[in-house]
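Subject: Structure handover

Hello,

Here is the structure you asked for. Please open it alongside this email; my notes follow below.

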Amino acid sequence: MKKPQFISAISLLLISSQLMAQTTLIKNVNGYTFTDNSLTQFSAISFTDDIINKVYPIGAVLPASKGVIVIDGQGQTMLPGLIDAHGHVIGYGHSLLRVDLVNATSELDAVNRTISYAKDNPSMSWILGRGWNQVQWSNNSYPNAKSLDEAFPNKPVWLRRVDGHAGWANSKAMALAGITSASKAPVGGDIIKDKNGLPTGVFIDNAMTLITASITPPSPMEDKIALKRAMHSLASLGLTSVHDAGIEQKDIALYKTLASEGNMTIRINGMLYLPSTNWQQQLEQGPYRTEDEMFAVNSVKIQADGALGSRGASLINDYSDHSGHKGLLLHDKKSLQHYIDFAMNAGFQVNTHAIGDNANKLILDLYQQAIQKSQTKALRHRIEHAQVLRLEDISRFSSLNVIASMQATHATSDKNMAVTRLGEKRILGAYAWRKLLDSNAIIAAGSDFPVESPNPFFGLHASITRQDHKDLPIGGWYADQKMTRTEALRSFTIDAAYAGHQEKLIGSLEAGKKADFILLADDLLTMPESTIWQSQVSQTWVAGKKVFSAIDVPSVE
């Protein structure tokens with residue numbers, strides 16, 4: 001008699017589980033998704049818990065709604081959740097808690113913003129901020145410690161450039177770090193000095209560590225607060241997944257904690273930064289993902305060079321506006337080869353930051369050798385940014401199965417200085433989206449936030465128009481490199497998912513995939529191109545749960 005009782009208990013458990021599962025139907029939507037590489041439209045979608053059951057084409061008869069939560073989408077546009085293939089989540093979270101210098105109009109404006117922040121945060125032992133960009137200032141010159149010293153003679157100040165590849169310190173910060181005229185920059189860095197050999201307060205790339213070594217790092221609790229704030233902010237912009245470009249072991253532990261607590265607002269695909277503490281031991285453990293697929297680590301992030309704006313990007317020939325200067329490689333060839341080989345042999349996708357044409361050529365060369373040795377072509381290794389390419393290197397992306405992980409707003413932000421840095425010939429291989437797509441390369445879109453705004457509609461707009469928010473330049477900057485609307489949407493959805501080995505999980509709205517989607521009033525595929533960047537998300541859903549709502553859409557029985 002005991003055996004039948006046991007079977008009966010199992011049956012009751014299954015019935016109870018099925019009763020707990022909740023099915024939701026969202027109808028009356030103007031839906032777009034990708035099916036078999038083609039853009040298709042639909043009018044309704046149903047999902048149970050976090051899995052999509054069915055996507056209903058326009059005109060399809062909907063099922064009976066008994067026992068189903070039915071939501072009227074009110075004609076709004078539904079898109080697959082947007083994916084940012086290259087952002088810095090914790091850094092963005094901390095930027096929300098620090099001095100915001102983005103779009104500061106001058107050195108004086110940046111100083112005044114810092115003063116205002118300090119008044120509102122008097123307990124800070126260090127004043128930290130980010131976002132200045134001297135290229136946007138009329139004098140086009142790096143800032144100086146002196147302008148900060150008057151307001152902050154006794155409190156250290158450290159302000160990162162918008163791209164994170166340079167920093168601006170006051171004299172107090174330099175004194176704490178022991179910086180003098182005799183100080184020398186480490187390999188892969190530069191200390192900007194005046195005509196008398198005195199440090200001006202600006203430190204480039206690896207030289208930034210001379211200052212940051214004196215700054216007490218955020219506590220785990222501060223990191224957790226920053227991370228949660230960042231994910232909520234990103235969800236409000238329509239992002240349901242982000243590839244976090246450069247995390248460390250401590251960050252992995254933090255993400256695991258948030259996942260175990262059910263506090264992952266959006267999906268995170270983390271790239272382990274190389275080199276970082278105990279990186280070899282972390283890779284030896286193999287790729288990782290949580291059971292609910294909200295957090296994964298299956299790739300690494302390596303940094304080959306600096307940025308174009310700070311002239312840290314490594315070029316084959318001199319900068320057009322700085323004779324004798326070719327930029328910086330942050331690691332020598334032997335070290336880069338070691339990191340790449342180790343990661344590939346451990347079964348990890350390798351994602352390397354390369355902006356200058358020399359850095360891109362070098363990484364493609366190293367990839368070609370390492371992929372052949374490790375037989376890891378199927379891992380879809382990536383170049384992050386792929387910003388300035390020799391024309392002859394463009395076809396190598398497709399032949400090596402290397403993904404171009406690019407950020408469209410870098411082009412519209414850099415357009416006022418890129419030709420000056422590169423000249424009329426090299427610019428033809430820069431921000432070359434159309435050339436890459438025509439060579440059958442896959443572009444995974446991102447923003448590189450907080451370097452740029454994380455708003456994906458800014459990136460979609462830039463991809464499609466190659467214009468800024470003032471509709472300049474007329475017709476688009478090097479307009480022959482524009483993407484179509486469909487290509488741009490692909491780059492932020494299914495192609496970004498593919499770049500993270502998640503195309504069977506997310507990136508499109510299809511039966512069996514996760515219910516990650518967004519609703520918005522505007523139709524991305526038909527609205528005026530010039531207003532795409534102004535699109536506002538009304539709702540963001542991740543894993544079948546509404547994680548952001550600007551305007552609640554009522555459910556009906």
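S125 is exposed: its relative accessibility is 57%, and the cut-off for that label is over 50%. Bear in mind that this is a predicted model. S125 sits in the loop that runs between α3 (107–120) and β10 (127–132). Leaving aside neighbours within four places in sequence, S125 touches K155 and P156. V157 is 32 residues away from S125 in sequence, yet the two C-alpha atoms are 9.3 Å apart in space.

N37 has a positive phi, near 70°, and is not a glycine. N37 belongs to the loop between β2 (30–35) and β3 (38–42). With a relative accessible area of 64%, N37 counts as exposed. Q74 also has a positive phi, near 55°, without being a glycine. Look for Q74 in the loop between β6 (69–72) and β7 (77–80).

Next, the cis peptide bonds. One runs from L274 to P275, with omega near -5°. P275 is found in the loop between β16 (267–274) and α9 (279–284). Another joins L472 to P473, with omega near -10°. Here the proline, P473, lies in the loop between α16 (456–465) and α17 (485–491).

In soluble globular proteins, nonpolar side chains tend to be buried together. The largest nonpolar core in this model has 100 residues, and V89 and F397 touch the most other members. Helix α11 gives the most to this core: 8 residues. Apart from this core lies another, of 20 residues, including V111, A118, I127 and L159.

What does V89 contact, once neighbours within four places in sequence are left aside? The list is L227, A230, M231, L234, V242, D244, Y255, I268 and F449.

Then the helix packing. Two packed helices are described by the angle between their axes and the distance between the axes.

Take α10 (residues 333–345) and α11 (residues 357–374) to begin. They pack at an angle of about 40°, and their axes are 10 Å apart. α10 and α11 are therefore oblique to each other. Their crossing is right-handed. From α10, the contact uses K333, L336, Q337, I340, D341, M344 and N345. From α11, it uses L362, I363, L366, Y367, Q369, A370, I371, K373 and S374. By type, the residues of this contact are 9 nonpolar, 4 polar and 3 charged.

The other pair is α7 (residues 220–236) with α8 (residues 249–260). These helices pack at an angle of about 65°, with axes 11 Å apart. The crossing of α7 and α8 is right-handed. On the α7 side, the contact residues are D223, K224, L227, K228 and M231. On the α8 side, they are K250, L254, Y255, T257 and L258. This contact divides into 5 nonpolar, 1 polar and 4 charged residues.

Best wishes

Notes: Residues are numbered from 1 along each chain as its sequence is written. This is a predicted model: local features need pLDDT of at least 70, side-chain atom pairs count only at pLDDT 80 or more; totals for chains, interfaces and linings use all residues. Side-chain values use heavy atoms; hydrogens and water are left out. Axes are lines fitted to C-alpha atoms, for helices over the stretch in contact, and angles run from 0 to 180 degrees between N-to-C directions. Helices (H or I, at least four residues) and strands (E, at least two) are DSSP runs, numbered from the N terminus. Angles under 35 degrees count as roughly parallel, over 145 as roughly antiparallel, 65 to 115 as roughly perpendicular and the rest as oblique. A crossing is left-handed if the near helix is turned anticlockwise from the far one by less than a right angle, and right-handed if clockwise. Contact means heavy atoms within 4.5 Å. Ala, Val, Leu, Ile, Met, Phe, Trp, Tyr, Cys and Pro count as nonpolar, Asp, Glu, Lys and Arg as charged, and the others, Gly among them, as polar. A nonpolar core is a set of buried Ala, Val, Leu, Ile, Met, Phe, Trp, Tyr and Cys residues joined through side-chain atoms within 4.5 Å. Buried means under 20% relative accessible area, exposed over 50%, partly exposed in between (1.4 Å probe, protein chains only).
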